[in-house]
Amino acid sequence: MDEPDTDHLITLAQWAERHGFSESYVLRQLPYINPDFPEPETTRTLRRYQRPDPIDDPPDHDPETPTTLTGFARIIGVSAHLVAQTRDKDPGLLPTPLPVTGRSTRGRLAHHYRLADLVHWWNNRPPITRGSVQVGLYDPDKLRPFEPRRNQPVELPGHDPDSEVTLGRFATLIGVNRSTVSQYKRKTPDALPDTIEGYRPDRLPPHTRAKFRLKDLLDWWNNRPGSVAGYRSRTGGTSSPRHAPSTDVD
């Protein structure tokens with residue numbers, strides 16, 4: 001029996017990135033607030049990896065210094081067992097050892113390597129497997145009803161585009177509820193512009209009120225992801241997809 005074609009399927013994380021939603025909102029809220037949200041077509045096992053943190057050249061050590069793997073472990077401050085374990089996972093990645101100059105007390109060859117070569121090997125070792133997780137794969141066509149729906153562009157003639165406004169004041173100017181604007185701080189915080197002082201809205205210093213240039217907020221608002229709740233009216237409100245309003249945006 002032929003395997004089903006899954007090349008066109010995507011994860012919710014991929015779908016969120018494609019449409020400008022935060023991954024947290026799509027994974028933890030959207031499927032639960034919409035009873036008709038589709039089920040995944042199938043699942044895929046993803047392995048979780050932890051990439052190693054690179055190390056700098058050890059201070060007070062000549063990069064040309066010959067050293068054994070045990071000596072290298074001591075220099076970088078890890079256990080000899082961890083270095084040996086990393087070697088055994090893929091011995092072919094080890095650098096070429098220096099010509100043999102002696103033997104260990106146990107009679108086994110004591111391979112020596114250039115310290116710089118071992119640092120490079122250590123920094124480029126394969127990532128560590130940290131378990132696996134099952135993720136759902138969805139049909140993009142079935143997710144289409146939940147894609148963002150955009151409003152008509154908002155214009156504010158007669159207002160200085162360089163004036164400083166808060167999000168609440170901006171909501172008043174464009175004639176929508178404050179919560180309609182502030183919800184995007186939770187849904188897509190990275191899409192908001194910087195404040196007048198150059199801060200990110202979610203990383204303000206204590207006791208600092210976020211103020212923005214009006215033109216920056218207008219540009220953001222007119223290009224934001226739209227509502228997934230359903231149809232949008234001319235006043236900016238939303239309603240359930242199951243109960244469309246009598247007047248829609250042309």
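## Overview

A residue is called buried when its relative accessible area is under 20%, exposed when over 50%, and partly exposed in between (1.4 Å probe, protein chains only). By that rule, 32% of the protein's 250 residues are buried. The model is a predicted one, where local features need pLDDT of at least 70 and side-chain atom pairs count only at pLDDT 80 or more, while totals for chains, interfaces and linings use all residues. Residues are numbered from 1 along each chain as its sequence is written, and side-chain values use heavy atoms, with hydrogens and water left out.

The protein has 10 helices and 6 strands; helices (H or I, at least four residues) and strands (E, at least two) are DSSP runs numbered from the N terminus. A contact means heavy atoms within 4.5 Å. Of the contacts between residues at least 6 apart in sequence, 70% join residues at least 24 apart.

In helix H9 (residues 178-187), the buried residues are Thr-180, Val-181, Tyr-184 and Lys-187. They lie on the same side of H9, because they cover an arc of only 115° around the axis; the arc is taken from the directions from the helix axis to the C-beta atoms. Their packing partners are helix H2 (23-28), helix H8 (167-174) and helix H10 (214-222).

A nonpolar core is a set of buried Ala, Val, Leu, Ile, Met, Phe, Trp, Tyr and Cys residues joined through side-chain atoms within 4.5 Å. The largest one has 19 residues, and Phe-170, Ile-174, Val-181, Leu-214, Leu-217, Trp-220 and Trp-221 touch the most other members. At least two residues of this core come from each of H8, H9 and H10. Leaving aside residues up to four places away in sequence, Leu-217 touches Val-165, Thr-166, Leu-167, Phe-170, Pro-193 and Phe-212.

Helix H4 (residues 69-76) and helix H5 (residues 80-89) have axes that come within 8 Å and cross at roughly 125°. Leu-69, Thr-70 and Ala-73 of H4 make the contact with Ala-80, Val-83 and Arg-87 of H5. The axes are lines fitted to C-alpha atoms, for helices over the stretch in contact, with angles from 0 to 180 degrees between N-to-C directions.

Helix H6 (residues 115-123) buries Leu-115, Leu-118, Val-119, Trp-121 and Trp-122. Those residues line one face of H6, because they fall within an arc of 165° seen down its axis. Their cover includes strand S2 (66-67), H4, H5 and strand S3 (113-114).
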